[in-house]
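Please keep the sequence and the structure in view while reading.

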Amino acid sequence: MYFLSFETSGKIFSLALNKDEKVLRFRNLESSSVLEDSILPAMDKILDSAGIKFSRIDGFAIALGPGSFTSLRVGLATVKAFAMATGKPVVGIPTLDIIAKSLSFPNVFVGNPFKNYDEICVINDARRSKVYACLYGPKGRISDYLLATLEDVLDKVHGRTLFMGDGLSLYRKDIEEAYQKYSAKKNSTCKCYFADEKWWYPQSKVMAALSFERFRNKQYDDAASLVPLYLYPQDCQVTTPAGLSSPNVLVGDPKKNNKYGR
């Protein structure tokens with residue numbers, strides 16, 4: 001099957017075209033302030049370069065966040081419209097899962113990526129002195145998706161921990177100091193490691209590996225009800241003007257006058 005994966009949760013807009021598990025094309029672009037002006041041209045360029053028509057796409061994958069409120073809505077609205085217009089399946093992938101998957105992505109590390117550490121902790125900046133975070137073990141996710149202070153997250157990790165995510169640009173020194181104190185007082189085997197910056201950001205080619213597993217197992221999401229992973233719910237109450245449909249879908253018939261419809 002051919003499918004497209006879209007990652008719009010942060011400052012990098014990432015797009016990949018797959019045939020089954022093989023990534024045929026991918027692009028990483030700095031997100032513009034008007035993201036909707038970037039998605040369709042980037043997609044058209046990838047499809048054209050691969051010689052694949054949009055009508056041959058069998059499914060769509062979209063990153064659900066947490067992340068930028070506006071960028072998530074724009075990306076999800078676009079993918080939902082594609083899925084609803086074409087009748088093709090869609091899957092939503094949490095952004096923190098994509099970052100954690102980076103270190104076990106093919107050709108990154110050979111063998112067991114947990115050889116030198118017991119767990120991965122992904123930390124992304126959530127502003128307001130908080131972080132989005134999640135913990136992963138050798139078999140996958142081992143915590144909820146968290147919106148918390150760094151101190152609350154560090155209360156949950158005291159082993160050999162690899163940290164990833166853009167939150168390291170703000171909190172690396174704090175993490176190092178916390179681990180040094182804990183190691184000196186309670187557990188000398190407690191250590192922290194840090195992934196290189198190139199692995200801090202979600203990439204569509206990594207997301208595609210997670211997406212393909214969902215497609216292969218027919219674990220589809222319902223396009224009409226799919227929503228971003230919001231961890232600041234009080235900030236995400238979108239008021240829709242009278243007479244308009246939901247902001248997460250296109251107004252009117254998405255098949256009408258639309259080259260991406262059936």
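Which residues have the most contacts inside the largest nonpolar core? In this predicted model, they are Leu4, Phe6 and Phe60, and the core has 25 residues. Strand E1 (2-7), strand E2 (12-19), helix H1 (36-50), strand E4 (59-63) and helix H2 each give two or more residues to this core. A second, separate core has 21 residues, among them Leu150, Leu168, Tyr171 and Tyr179.

Neighbours within four places in sequence are left aside here; beyond them, phenylalanine 6 is in contact with residues including Phe13, Leu15, Ile39, Met43, Phe60, Val79, Phe82 and Met207.

| Helix | Residues | Number of residues | Span between end C-alpha atoms | Expected span |
|---|---|---|---|---|
| H2 | 69-86 | 18 residues | 26 Å | 26 Å |

A residue counts as buried when its relative accessible area is under 20%. Because 14 of its 18 residues are buried, H2 is largely enclosed by the rest of the structure. Just after H2, glycine 87 has a positive phi of about 75 degrees.

In H5, the buried residues are Leu168, Tyr171, Ile175, Tyr179 and Ser183. Among the elements that cover the buried residues of H5 are E6, strand E7 (130-137), helix H4 (150-154), strand E10 (160-164) and strand E11 (191-194). Leu168, Tyr171 and Tyr179 also belong to the second core.

**The largest pocket**

What is the volume of the largest pocket? The value is about 740 Å³. The pocket is lined by 27 residues, and those closest to its centre are Gly67, Ser68, Asp125, Arg127 and Tyr132. By type, the lining residues comprise 13 nonpolar, seven polar and seven charged.

Serine 68, one of the residues closest to the pocket centre, lies in the loop between E4 and H2. Its relative accessibility is 32%, so serine 68 counts as partly exposed. Serine 68 and tyrosine 230 are 162 residues apart along the chain, and their C-alpha atoms are separated by 9.6 Å.

Methods
Residues are numbered from 1 along each chain as its sequence is written. This is a predicted model: local features need pLDDT of at least 70, side-chain atom pairs count only at pLDDT 80 or more; totals for chains, interfaces and linings use all residues. Side-chain values use heavy atoms; hydrogens and water are left out. Helices (H or I, at least four residues) and strands (E, at least two) are DSSP runs, numbered from the N terminus. The expected span of a helix is 1.5 Å times one less than its number of residues. Buried means under 20% relative accessible area, exposed over 50%, partly exposed in between (1.4 Å probe, protein chains only). On a 1 Å grid over the protein atoms alone, a cavity is a set of points where a 1.4 Å probe fits but cannot get out, and a pocket is an open set with protein on both sides within 12 Å along at least five of seven lines; lining residues have an atom within 4 Å of a point. Grid points are joined across faces, edges and corners, and a volume is the space filled by probe spheres set on the points. Ala, Val, Leu, Ile, Met, Phe, Trp, Tyr, Cys and Pro count as nonpolar, Asp, Glu, Lys and Arg as charged, and the others, Gly among them, as polar. A nonpolar core is a set of buried Ala, Val, Leu, Ile, Met, Phe, Trp, Tyr and Cys residues joined through side-chain atoms within 4.5 Å. Contact means heavy atoms within 4.5 Å.
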